[in-house]
Amino acid sequence: MSKLIISLALSALIFNVRAAEGPGHAAIASAHPLATRAGFEVLEQGGNAFDAAVAVSAALAVVEPQSSGIGGGGFWLLRRASDGKTVMLDGRETAPSEARPDMYLDEYGEPRAQASLVGAFAAGVPGLPAALVHLSKHYGRLPLQKTLAPAIALAESGFEAGERYIKAAAAHQAELKQSPAAAVIFLDQGKAPAPGFRLLQKDLAETLKRIAKQGGDGFYRGQTAAMLLQGVRDGGGIWQDKDLQNYRVQERTPVSGEYRGIRVISAAPPSSGGAVLLEALNILSGFRLLPDDPLGSKHVIIEAERRAYHDRDLYLGDPGFVHIPLTRLLSPDYAAGLRASIRLDRALPSEMLSTSAVQSHQGDNTTHFSIIDRYGDLVTATLSINSVFGSCFVAAGSGVLLNDEMDDFAVAPGRPNSYGLVGGNANAIAPGKRMLSSMTPTILETQDRIALLGTPGGSRIVSMVLLGVLDFAQGHGPESWVSIQRYHHQYLPDVVEYEPGALNDEEVQGLSRLGHRFKQTAKPYGDMQAVLWDKKKNQLSAASDPRGEGVAEVR
Ligand code: DON
């Protein structure tokens, strides 16, 4: 008996030691080649995945300024190999203290056009700088001076902007011109930049240097804070000193569950991502998704999404402000009830769950990266300033492009935001509150495989990650997850959106007969960045979405 206990204890020990052993190599997938390079630079200097995550986040802020930045926020899902600690850093923006539920409505209670989208009034208090400082201090090995150095160099010396940037700047030149400090940086003498444009961001380099030197105080107090406050107030915004000084990163327990033997670990509220993902997976776990029945599989995936996104709109918001019945939403029993409401021969009209129908559109913004280092430390992070170029507003002298994340609140109850998402009181605006997000950085784990994945894409983020998880469950690798063609249902509007080519005519006709309605998107969407560690073969692989300009590498 005692022998047995000893041998069990020994095998547990061996298992733990094995589990803590890393792959011996590193992999990074990010949305921009220069950001991936920045990550490897820091790893080569002795940094770990958390240092690399600081470097990649900061570099993305510089080289992909239309998508994320230190004027925005994000979620970093981490696992530390040495002790297995798994945590989500919540660097989501907060509503300023003068924010009010009706701040974007006119005297008739109607949303004022663009008020929550363009200009300083649309900006939440940034969380990204605080998150990078926290990540570095509590998890990294290298000082910020080293991990921010690649981003500072890119901002100071400039780099040749890619096609995505050129297109985004052309599409947003009118909004950028409303902020002279933004126009000077992101346009070429007031005009849309042409291919070959060199983007220089000297002020941003100085702000990053202050963060490198002073930590959080380099942004939330002193010179940077003074420039931000002055600029925001002059631009019609409502930030106060205390809003910046009181900003705090939150360490949150990620949401987690099981799907067909896969441990799924994902973003906790104030992201809706993990909850919607797990609820949909729980519903789907009772169906056999057969490869030879693509139509039937797609029907139940769409129906699962409809129900999970419906709960998003009803229940989800900042857990510091509203009670979220998370245990119920994530319970397999609850999912069984929802599953029972799915008919195999009929789509459920969303109006049976609610009444109004709304329109949605999405842009090419927000960003994601995934990193695994040689020790087995993991980071998967989605970062955002919300719309393309955020609020298009820069506070003079700071170089910081501010987010327009306030639009992720339910600006008017029951009214769609820019992603067509509706919400109620759970996501109403309140001072200091974090707006609900869809960002879904996710870790998947089986005995043999660990995967990291995530993507930008507004409300479609969760359905993209869901398709990625289902593909992982089929045994496919990262190249496949990032490439699979995408379709999406978010409860309202009651329509299946799909990329050109994602559904063939037969599928559209077959699913239409069940009552589904369709809208093909104008172009492909998403920019997934994924990494896989096959522990059995001790092999790393990584992939960047072919739709984007990212680079994935194993070294
Ligand atoms: O947090 C959110 O859900 C949004 N601000 C993300 C925006 C986004 O992904 C835009 N991408 N196309």
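Helices (at least four residues) and strands (at least two) are DSSP runs, numbered from the N terminus. Bear in mind that this is a predicted model.

**Cis peptide bonds**

Most peptide bonds are trans. Select Pro-269 and Pro-270: a cis peptide bond joins them, with omega about 20°. Pro-270 sits in the loop that runs between strand E8 (262–266) and helix H14 (273–284).

Next, select Leu-492 and Pro-493. Their peptide bond is also cis, and omega is near -5°. Look for Pro-493 in the loop between strand E15 (487–488) and strand E16 (496–498).

**Positive phi**

Most residues other than glycine have a negative phi. Go to Thr-366, where phi is positive, about 65°. Thr-366 lies in the loop between helix H17 (332–340) and strand E9 (367–372). Is Thr-366 buried or exposed? Thr-366 is buried, at 8% relative accessible area.

Now pick Asn-538, with a positive phi of about 45°. Its loop lies between strand E18 (529–534) and strand E19 (539–544). Asn-538 is partly exposed, at 40% relative accessibility.

**Cavities**

The structure holds 4 cavities of 30 Å³ or more. Select Asn-386, Asp-408, Tyr-419, Ser-438 and Gly-458, which lie nearest its centre among 17 lining residues. That lining has 5 nonpolar, 8 polar and 4 charged residues.

Finish at the second largest cavity, about 80 Å³. Of its 13 lining residues, Ala-61, Gly-69, Leu-204, Gly-399 and Leu-401 lie nearest the centre. Here the lining has 8 nonpolar and 5 polar residues, and no charged ones.

Note on methods. Residues are numbered from 1 along each chain as its sequence is written. This is a predicted model: local features need pLDDT of at least 70, side-chain atom pairs count only at pLDDT 80 or more; totals for chains, interfaces and linings use all residues. Side-chain values use heavy atoms; hydrogens and water are left out. On a 1 Å grid over the protein atoms alone, a cavity is a set of points where a 1.4 Å probe fits but cannot get out, and a pocket is an open set with protein on both sides within 12 Å along at least five of seven lines; lining residues have an atom within 4 Å of a point. Grid points are joined across faces, edges and corners, and a volume is the space filled by probe spheres set on the points. Ala, Val, Leu, Ile, Met, Phe, Trp, Tyr, Cys and Pro count as nonpolar, Asp, Glu, Lys and Arg as charged, and the others, Gly among them, as polar. Buried means under 20% relative accessible area, exposed over 50%, partly exposed in between (1.4 Å probe, protein chains only).
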